[in-house]
Amino acid sequence: MADGAKTLKLKRNPMPKQDEHERRRNFDEVALGYTTETAIDEASRCLNCRTAFCKAGCPVNIDIPGFISCIVKGDFASGIRKIKATNALPAVCGRVCPQEEQCEKQCVLGRKGDPVSIGRLERFLADWEAANSAIQRPTLAANTGKKVAVVGAGPAGITVANDLKILGHDVTIFEALHESGGVLTYGIPEFRLPKAIVRREVEYIKSLGVNVVPDYIVGKTRTVDRILQEFDAMFIGAGAGLPWFMGIPGENLNGVYSANEYLTRVNLMKGFLFPFYSTPIKRPARVAVVGGGNVAMDSARTSLRLGADESHIFYRRSRNELPARIEEVENAEEEGVIFDLLVLPTRLIGDSTGWVREMECLRMELGEPDASGRRKPIPVEGSDFRMPVDAVVVAIGNSPNPLIPMSTQGLDIGKKGNINVDEATGRTSRHNIWAGGDVVTGAATVISAMGAGRIAAASMHKYLMGEAAPEQRPV
Amino acid sequence: MYRIVDVKHVVPNMHELIVEAPAVAESVQPGNFVIVRADAQGERIPLSVADWDRDAGTVTSVFMQVGASTAKLARLKAGDTIPTYAGPLGRGTAISKFGTVICIGGCYGIGSIYPVARAMKEAGNKVFTIIEARSSFLLYWRDKFKDVSDGVFEITRDGTAGKKGHVSAIPELLQSKGIQPDLVVVNGCTFQMMRVSTITRSPGWKTIVNMNPIMIDGTGMCGVCRLSVDGQTKFACVDGPDFDGHKIDWDEFLARRKSYSPEEVEPLRKSGCGSHAGCGGKEQGR
Ligand SMILES: Cc1cc2nc3c(=O)[nH]c(=O)nc-3n(C[C@H](O)[C@H](O)[C@H](O)COP(=O)(O)OP(=O)(O)OC[C@H]3O[C@@H](n4cnc5c(N)ncnc54)[C@H](O)[C@@H]3O)c2cc1C
Ligand SMILES: Cc1cc2nc3c(=O)[nH]c(=O)nc-3n(C[C@H](O)[C@H](O)[C@H](O)COP(=O)(O)OP(=O)(O)OC[C@H]3O[C@@H](n4cnc5c(N)ncnc54)[C@H](O)[C@@H]3O)c2cc1C
Ligand code: SF4
Ligand code: SF4
Ligand code: FES
């Protein structure tokens with residue numbers, strides 16, 4: 001395979017997957033992962049470019065040709081070490097990064113054929129490391145005596161905790177829910193990201209000595225300022241909060257869910273195991289999901305696994321504009337999710353007991369590009385139609401979590417409720433508070449939240465080591 | 001893990017839950033609630049706070065056994081532990097000097113109105129407390145209210161204590177005592193809060209209700225606790241749970257609250273509560 005005389009291999013190795021008829025009824029992971037042979041073969045496609053464009057496409061600048069050449073040599077331990085130098089959660093990112101928009105988009109092979117499957121190779125190494133108990137613990141710097149509070153155990157908070165712990169600080173994460181992981185735990189379903197992986201990552205940072213306090217709602221259990229009486233600095237990674245609704249009649253009917261509610265009932269509360277787990281979940285026959293992102297795909301595919309006969313995605317633009325990862329759109333299509341594209345719901349109609357029964361919609365066509373560069377959907381006059389539904393899942397986005405902005409003085413808050421920060425450092429308008437991830441950007445990606453965490457951690461470290469002596473703390 | 005200090009059976013089907021949770025006890029205010037899980041597979045259920053001891057680090061709730069989760073809580077003994085006790089959540093009842101405040105409690109709300117009455121009294125209000133139940137044997141904490149009120153009135157449906165009837169008798173009761181309310185605060189079952197809001201509308205008494213929709217996270221993430229207030233969607237866990245009772249879309253609220261009845265209530269419809277889960281007895285489960 002890696003025999004020196006390189007001929008371009010234009011086709012990538014496909015990802016082995018669970019059979020589509022089987023998997024649409026179970027919650028097991030869909031993508032099974034490369035075997036060692038496939039991984040080495042895929043790795044051997046990489047040209048090991050001197051100027052690696054792929055690396056520039058990765059928000060945390062992983063040494064991509066570096067780790068891939070380790071795979072070619074069969075030196076998996078060195079490969080994973082190269083990844084972990086800049087990415088604390090490779091098993092997660094390898095699975096859920098929108099690679100086609102990031103690292104793989106820039107890969108030179110993509111100009112002539114398929115790009116190298118960078119994400120799948122990253123996942124391969126992370127899974128290899130876990131399977132072989134080869135997890136290497138970094139050496140921690142000597143204790144600095146500085147205490148850092150991290151709000152939220154999502155990808156942003158976990159990254160900050162990891163980095164600052166390694167740098168010798170004393171780190172405590174306060175997490176509102178009873179389980180850590182943020183969206184990785186309550187949002188992204190098991191069949192895409194097994195929860196065992198998320199738990200493993202959380203256990204790992206705990207094993208470094210990070211203190212994780214669950215059921216602790218910052219802003220409520222204690223205010224930010226009260227916590228800062230005992231800590232030198234704080235990072236806020238509180239993620240996304242209140243779901244948006246469409247603002248059409250009937251949205252408060254029974255059977256209408258936000259995607260957050262729907263997915264939380266299933267993922268965090270294990271509603272699919274009701275009544276063994278005691279949180280119930282409905283199992284309607286005809287489900288309509290509104291939206292076109294990852295969240296919508298996850299909701300539609302979850303409803304199939306809960307036994308829906310039909311699961312529809314309603315999206316107001318065309319397939320080209322779907323914001324979800326391509327791979328997940330294809331998975332959804334294979335599993336039988338029906339895509340009703342260029343359709344806009346206008347009204348939900350209930351029965352006499354307050355349950356949703358029908359959805360009224362308008363057909364759309366694409367006009368000129370709008371501010372986002374995508375072609376703007378325009379309603380087609382007289383095209384309205386109704387469709388019978390038993391449940392509607394609204395997956396059109398969230399505003400940032402409101403609890404901390406509501407309860408904290410002096411934090412500069414943006415129009416949409418997001419926390420404003422200095423982009424280069426992640427620092428907020430308060431001198432000892434940093435923030436990053438979805439609470440700053442609105443719903444984005446796992447890797448961008450981690451990237452923000454990394455930037456904030458570096459800036460916090462500088463501050464902790466330089467500016468603030470412990471005695472300056474207000475007590 | 002949170003240690004159970006005690007679970008006391010106060011009146012039939014109603015239990016007092018005292019939990020050691022110093023962080024919650026430190027910040028709790030009247031009108032707040034906590035999210036509780038009884039065991040590792042448990043649902044997250046909201047319970048209002050009914051009392052606390054900041055020094056001892058304990059918090060008290062009163063709950064009615066209506067379904068699986070409250071049944072698990074009722075079986076706990078002093079010394080047991082529960083995995084989740086998160087809070088205090090919600091904005092808490094706005095306390096200030098209003099003048100004459102009427103605090104109305106029914107069902108578990110007899111418990112949770114207690115700290116409201118206490119705080120209203122401390123803020124310098126004239127406080128009258130009204131507690132209501134089907135029968136005298138369902139009233140509890142009757143003595144506790146005396147210290148925090150200028151008057152305590154009881155209403156029972158069968159007339160075995162206080163005035164016979166239900167909350168619709170309140171205007172008459174107050175008029176007969178010459179009491180003119182500046183504010184009415186109601187805690188308890190949904191029907192009771194709705195009825196009080198209906199009867200206080202025509203005399204124009206401002207009425208605050210402590211809403212109890214279905215919740216999951218309680219932190220403003222999932223959106224299940226939404227309700228329409230003055231034509232706008234609000235989220236009870238972060239915007240409330242106290243709202244102006246005259247502005248709530250009650251029909252919609254009642255329909256939403258029942259949405260899991262077929263799964264949860266039907267198998268357990270023996271608890272025979274007169275007034276909880278949607279003023280239960282009479283609500284025909286779907
Ligand atoms: C269904 C779904 C699918 C997705 N799929 C993908 C995908 O395929 N690829 C991808 O890259 N991205 C995906 N995303 C987006 C991605 O998950 C998020 O961008 C990312 O998780 C943001 O990380 P975060 O750390 O900022 O916040 P979160 O992951 O939201 O974590 C925030 C944490 O803070 C806690 N918290 C909030 N408030 C408080 C408080 N006051 N006190 C204490 N704790 C608090 C929360 O409980 C939570 O645990 C998806 C999102 C969803 C919802
Ligand atoms: C802010 C708030 C404060 C509350 N305070 C108290 C309290 O102090 N004492 C008390 O006894 N009860 C209180 N409740 C109601 C209590 O949460 C429910 O009775 C409890 O969740 C029922 O759980 P279960 O498993 O025993 O019953 P279930 O089997 O879950 O349901 C029984 C009935 O309760 C309704 N219900 C189910 N889940 C909820 C939920 N999460 N919230 C509201 N209703 C629900 C169901 O629709 C059904 O009618 C409060 C609710 C809220 C939102
Ligand atoms: S972290 Fe994401 S963007 Fe970076 S190399 Fe891995 S898959 Fe690509
Ligand atoms: S751009 Fe593609 S071929 Fe070049 S180093 Fe990166 S992954 Fe390999
Ligand atoms: S309970 Fe989830 S948003 Fe209020």
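Mentor: Before we start, a residue counts as near a molecule if one of its heavy atoms lies within 4 Å of it. Keep in mind, too, that this is a predicted model.

Trainee: Okay, then which residues come nearest to ligand 1?

Mentor: With that cut-off, there are 37 residues around ligand 1.

Trainee: How far is an oxygen atom of ligand 1 from a polar backbone atom of Asp438(A)?

Mentor: Let's go through the backbone partners. Pro155(A) has a backbone N or O atom 3.2 Å from an oxygen atom of the ligand, and a polar backbone atom of Val218(A) is 2.9 Å from a nitrogen atom of ligand 1. For Asp438(A), the distance from its polar backbone atom to a ligand oxygen is 2.8 Å.

Trainee: And how much of what ligand 1 exposes when taken alone does the protein bury?

Mentor: Start with the ligand by itself: taken alone, ligand 1 exposes 1000 Å².

Trainee: Which element gives the largest share of the shell around ligand 1?

Mentor: Look at the elements of chain A that give two or more residues: helix 10 (155–166), helix 15 (294–305) and helix 19. The largest share is 3 residues, and it comes from helix 15 of chain A.

Trainee: What does Ile68(A) touch, leaving out residues up to four places away in sequence?

Mentor: With its sequence neighbours left out, the residues it touches are Ala43(A), Cys46(A), Val116(A), Ile118(A) and Leu121(A).

Trainee: Is Leu344(A) buried, partly exposed or exposed?

Mentor: Leu344(A) sits in strand 10 (residues 343–350) of chain A, where it touches Arg316(A), Glu360(A), Cys361(A), Leu362(A) and Met364(A), not counting residues up to four places away in sequence. Its relative accessible area is 28%. Buried means under 20% and exposed means over 50%, so Leu344(A) is partly exposed.

Trainee: Which residue takes a positive phi just after helix 16 of chain A?

Mentor: Helix 16 covers residues 326–335, and its buried residues include Glu327(A), Val329(A) and Ala332(A). Among the elements covering the buried residues are helix 9 (118–131) and strand 9 (338–341) of chain A. Just past the helix, a phi of about 100° is taken by Gly336(A).

Trainee: Last one, on chain B: how far apart are the centres of its domain 1 and domain 2?

Mentor: Chain B is divided into domain 1 (2–89) and domain 2 (100–256). Their contact takes 20 residues from domain 1 and 23 residues from domain 2. Taken over C-alpha atoms, the separation of the two centres is 21 Å.

How values were computed
Residues are numbered from 1 along each chain as its sequence is written. Chains are lettered from A and ligands numbered from 1 in the order in which they are written. This is a predicted model: local features need pLDDT of at least 70, side-chain atom pairs count only at pLDDT 80 or more; totals for chains, interfaces and linings use all residues. Side-chain values use heavy atoms; hydrogens and water are left out. Contact means heavy atoms within 4.5 Å. A polar contact is a pair of N or O atoms within 3.5 Å; within protein, one must be able to donate a hydrogen and the other to accept it, and residues adjacent in sequence count only if both atoms are side-chain atoms. Accessible areas come from the Shrake-Rupley method with a 1.4 Å probe; for residues, only the protein chains shown count as cover. Helices (H or I, at least four residues) and strands (E, at least two) are DSSP runs, numbered from the N terminus. Buried means under 20% relative accessible area, exposed over 50%, partly exposed in between (1.4 Å probe, protein chains only). Domain bounds come from an automatic or database domain assignment.
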